[in-house]
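Welcome! Have a look at the structure first, and then read on.

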Amino acid sequence: MKVLVCVKQVLDPTGLTVNRKAEKVFINREDFILDTASKAALEAANDLKRAGAAVIAISVGPERVEDGLREALARGADRAIWIRSEGGDALVIANLIAAAARKLSDIDLIIAGHQSLDSGAGELAPRLAEALDWPQILGAAQIDAGEQGVTAIVQADGFVQVEAALPVVVSMLGAAYRGSLANGWRLMDAYKQWDVEAWSTSELDLNEDDLRPLTIKKEDAFPPERQLGMSVRDVKELVVMLKREKVIA
Amino acid sequence: MDFELSREHQALRRLIREFAEEELRPATRCADRSAQPPLDVVKKAAEIGLFGVPFPREYGGLGAGETGYCILMEEIGRVDTSFATIIGAHIGIGTMAIYLGGNKQIREKYLPDLCSGKKIAAFALTEPQAGSDAASIKLRATKEGDSYILDGEKMWITNGPMASTMSILAVTDPALGARGGATAFVIETRNGDGAPTEGFTPGKHEHKMGLHGSPTAAISFDNFRVPAENVLGQVGLGFVVFMQTLDIGRVTLGAATLGGAEASLQQTLEWAALREQFGKPLALTQSIQFMVADMAAETEALRSLVYRTAWLVDNQKPFIKEAGMCKLLGSEIASRCVDRAVQVMGALGYSRDVHMERGFRDARIAEIFEGTNEIQRILIAEQLFREVGVRIRP
Amino acid sequence: MDFSLTEEQIMFRDLFRDFAQKEVTKVAKHTDEMEEPPVALLKKAVAQGFLAATVPEDLGGAALDLLSYSLLLEEIARECMSTAITLAVHNSLVNATLVKYGNAEQQEKWLPILAENLGAFAATEPDAGSDTSRIATRAKRTGASYSLNGVKVWVSNGALAKAVLVLAQTDGGPAIFIVNPAAPGVKIGLREPTTGLRGVAINTVYFDFVELAEADRIGAEGDGLIIAQAANAHLQLALAAAALGLAEGAVALGRGFAIDRKQFGVSIATKQALGNYFADCEIEQEALRHLIEYAAWLASEGKDFAAAALKAKMFGAKVARTAANLMLQVHGGYGFSDEYAISRLYRDAKALDFLGGTPQIGRVVIAQQVFADSGLAIRP
């Protein structure tokens, strides 16, 4: 079984300060780390290696993405592919990865993260499934896979067990990450012995439309501050208030 | 000059930080309260390769060099001094003496298990009457056929209670004293099932003011047999190996104290931003502002010193003087920083329910072990005066 | 100027030293290890009159002048800082307040009890440390009595006290009340696990609708902060004396160790670096002693000694911490071991950096004095 794992980096939240009053996010330290949901995806894929699966990690973005992919190798991926691209929204990224999956030709299962720490849009997996015309399982807490298909525990209204035949796109919850740490020896090998394959967008079978973002970001804004409720000492005071506001007679 | 760490070193730091925050931090309080090392955390650290960070890949290490090892100690030191002491004694002195002094056979025999953390190492030098004056050790190694018989005791041995492999310095010729009369050995103190090997007796755990999560004990040897092939370096020249090991160990002790200083600074900033008195956060008080500025300036200077010294080591340049400075400055800066961190918390910094309070009790030892700061000053002065043609003795 | 102690003061000092060496030394380690106040020792201290050290004779006390009082605390602290602090808090914060501000009924009722039992002073709250203006504990007037509600933290002697002075807000401003801890509504929390001073009972105290009479109020409504400040001034002198005692105790330990310990074939006491430490400690302790004597002299002359006492305490904290630190270093690895007493002194000394006020606040107070007649507002 060949598994493709989509990983992405996010800004390390410990390097950010959010000032609600000023409605600003301050980037005190710009460090990129692998998103937790990506780590969960890698962890799930690594579990499947025991059953003989081969794991390919893939990521889209500028040069710093290479470090994320080397970490993916340290976390068990057998191969790492970097699609060199600056910018692009979820649709573009999905198109790129779909094209890569087609190029790799015998991918049985794609695992992505569900709702990353930064945007949390959860768009990649559905758009990938759409582009490839594969079924999708979103927000999995646990998966198991074999030649017959994928069984997943998904957080819906409570937890539900879902099944699908291969090939399928699955997104893993960040909360599913059990904390399997990257391996030190593999990490050193990832930098000194192994390669990250760099693919440019022109190598992929895509046209200009596929690479045009659908969304344009206009601005960042904080949600409006919620007014805290009021507290009343007793029922008498509540009744007085309700009468004053003419809610009751 | 390129002051950036290499990308693999940055990646290594990320790996160790995740370990330190997710696995180590939750275990520190219990380790302190129970005075027991967190063995499950030790195991996890070993599984991901942290027990052999600087040693070459061919021996099972990570091959990350002295710089990588400094990163390890800094990240661990940020979270817990006790654990930094366990892993520091294991890598930096216990295993390091075997690596520096051992021939190929010894390295191939002992390093893989030590690098994988399957076995823990300790460094056995100090004795009751031989502290700063390491040359006055008494533990005897008497040649008998193709073995040596060890008799005597060692004191203050970090990891003493749990180590299965130790580097030990013994007197092989009492008449010659330190220069020519002492030999270093690698010995096995626990066998496969964890029982002490014959002739070895681990003593009771020392009760200490801090560093409760790092077990320290006296150990004794009675008719303990070690094969002659286990000599590290040359017979009679054991002091060279041991002093070399201590020299290099100082750099990474500096890195651990750097981590401690950084943690103190971070804690102080967060507390001062939060805590209000006199109608404003402490951060708006000049006394507090000056404290954090001083902490940050000292920490920054220490960081440059430590990583430059690591660079000297990794590039085979002389580093002994600088290593001593790392240990000397680092220990004093860390003590000052943690003192400021608890001071800013007022009475709360005196409560053992508070993480930083533990840091306060743990930090003090750094000015004493691995060569007291008085010895460091003498050694540095010795190096300096040698440069102008004067020889001084401790 | 006559710097010598009077004959009586010398006699007192010898008495105190004798008591400390005979009774205090032997309980110090156990007290710290078990984190239990030395109750049996405190009973002996009662018999010696130490719990009414500065109470005037006509009120049943030992009527020690402040210099003799400081000698008492110095000698005790030399052997056990926890015992010294217990006595200092009791005498300076509780007894001294009752003597100075209590009315005749209050003195008659409480001083005899406090001559045989410990008292405590509850001021600090979670949100009110250095900033006492933020206290939230409130004594609400209900007719002729009060209802006390609130939480006080870091109350020294809390668990052992038979009387607790409480700083609380009233409609007329902050006031001091004297509370019987056995009264309904008073709850003493567990001992705070501390770095040092482990022999001092340090507890959180909860007040839950505790009923108080007007007779339980010391001074008037609105007098609270003034009374607290006066108590604190007395405490500064006591802490300075205890600091001197701790420093001397530390040096004695270091000196003994340095003489006996041989390295490189000689006693380490002969090593110049260590000799320097002893010299520095000697100078600081000499200076501290004179600061204490001066503050005590001002008090005996009926003059305002608060500023001098504060300086003595602030300097004392530094001297004690330095001595404990340097003497721990002299001990080498043994300094970090619980088997040797010096690490206990090191842990105990750190408390002086917040007991009775932090040096950060102390510097503001002194800066205010320096600029007192300039019309400028110097704020913390």
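## A charged pair in chain C

C:Glu248 and C:Arg78 form a salt bridge, with their closest N and O atoms 3.1 Å apart. This pair links distant parts of the chain: C:Glu248 sits in helix α6 (residues 224-260) of chain C and C:Arg78 in helix α3 (residues 66-79) of chain C, 170 residues apart. C:Glu248 counts as buried at 12% relative accessibility, while C:Arg78 is partly exposed at 23%. Please keep in mind that this is a predicted model.

## Pairs in chains A and B

Over all chains, a search of the whole structure finds 72 salt bridges. One of them joins A:Asp118 to A:Lys8, the closest N and O atoms being 3.1 Å apart. A:Asp118 lies in the loop between β8 (109-114) and α4 (124-132) of chain A and A:Lys8 in the loop between β1 (2-6) and β2 (9-11) of chain A, so the pair ties together parts that are 110 residues apart in sequence.

In chain B, the side chains of B:Asp32 and B:Arg361 meet in a salt bridge of 3.3 Å, N to O. Here B:Asp32 counts as buried at 8% relative accessibility, and B:Arg361 counts as buried at 1%.

## Where chains A and B meet

In this interface, 20 residues of chain A are in contact with 21 residues of chain B. Together the two chains bury about 1,800 Å², 54% of it on carbon and sulfur atoms. A:Leu181, A:Trp185 and A:Met188 supply 41% of the area that chain A buries against chain B, more than any other three residues.

Six salt bridges are found across this interface of chain A and chain B. Among them, A:Glu63 pairs with B:Arg7, with the closest N and O atoms 3.3 Å apart.

Notes. Residues are numbered from 1 along each chain as its sequence is written. Chains are lettered from A and ligands numbered from 1 in the order in which they are written. This is a predicted model: local features need pLDDT of at least 70, side-chain atom pairs count only at pLDDT 80 or more; totals for chains, interfaces and linings use all residues. Side-chain values use heavy atoms; hydrogens and water are left out. Contact means heavy atoms within 4.5 Å. Buried area is the accessible area (1.4 Å probe) that two parts lose on being put together, summed over both. A salt bridge is a side-chain nitrogen of Lys or Arg within 4 Å of a carboxyl oxygen of Asp or Glu. Helices (H or I, at least four residues) and strands (E, at least two) are DSSP runs, numbered from the N terminus. Buried means under 20% relative accessible area, exposed over 50%, partly exposed in between (1.4 Å probe, protein chains only).
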